[in-house]
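Welcome, and thanks for taking a look. Please open the structure below and keep it at hand as you read.

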Amino acid sequence: MSKLIETIAAKTPLEKTRADLAVLTGVTAKDDFAVGRGDVIGVITASGLARRRSRATMTVAFAVDAATGTVDDATVFVVGDVLKNSAGVTIGTILTIVGNVITLAANAAVAVAIGANAFGSDGSQTAKGIADEGSDGDGDTPIAVFIGGCLDESLCLRLDATAKTELAGSSRVGGIFKF
């Protein structure tokens, strides 16, 4: 009789130093929203469920009266998201996403320049933590999220200056993000 033994590779810790001081909390990742380990997480205001922070930088501008624009990472959005600019003015509602090209249900209501950011408007555009676990987006899924600690910044995905500010954190020597 033989026995199958499953081996699981050890995961690289996100904690850079003093794992005992890291603060983890449980949240639920929303159905249809994949979350990767190390992703900056936002929380949907209406449901309290988590998803990747819905913010991306324009690489091809949205022009007024045009329905398409391109962002650096469209995977942070889903069809149906209402996009806004940095002033909180609605750009439009996403109809389709192909690669990083976003097509709106109608023409853009306002222009968004190359290098400017487009934001989701469901609350998830604000950083609330960093995922220690991922979810494939199949069903509402409990995941662990860091809300404090000294993490390896190279393992934190889409951790830009505004996310650092929203998380009340900063980059430190040795590649540490402390928050």
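Which residues gather in a patch of negative charge on the surface? They are Asp32, Asp136, Asp138 and Asp140.

## About the model

This is a predicted model, in which local features need pLDDT of at least 70, side-chain atom pairs count only at pLDDT 80 or more, and totals for chains, interfaces and linings use all residues. Residues are numbered from 1 along each chain as its sequence is written, and side-chain values use heavy atoms, with hydrogens and water left out.

## The acidic patch

Asp32 sits in the loop that links β1 (23–29) to β2 (40–43). Strands here are DSSP E runs of at least two residues, and helices are H or I runs of at least four, numbered from the N terminus. Asp32 counts as exposed because its relative accessible area is 59%, the cut-off being over 50% with a 1.4 Å probe and protein chains only as cover.

## The overall fold

Of its 179 residues, 39% are buried, that is, under 20% relative accessible area.

## Valine 98

Strand β7 (residues 90–98) holds Val98, which is exposed at 61% relative accessibility. From Val98 to Lys84 is 14 residues in sequence and 19 Å in space, C-alpha to C-alpha.

Key. Patches are made of residues with over 30% relative accessible area and no salt bridge: like charges are joined within 9 Å, nonpolar side chains (Val, Leu, Ile, Met, Phe, Trp, Tyr) within 5 Å. Accessible areas come from the Shrake-Rupley method with a 1.4 Å probe; for residues, only the protein chains shown count as cover. A salt bridge is a side-chain nitrogen of Lys or Arg within 4 Å of a carboxyl oxygen of Asp or Glu. Lys and Arg count as positive and Asp and Glu as negative; His and the chain ends are not counted. The place of a charge is taken as NZ of Lys, CZ of Arg, CG of Asp or CD of Glu.
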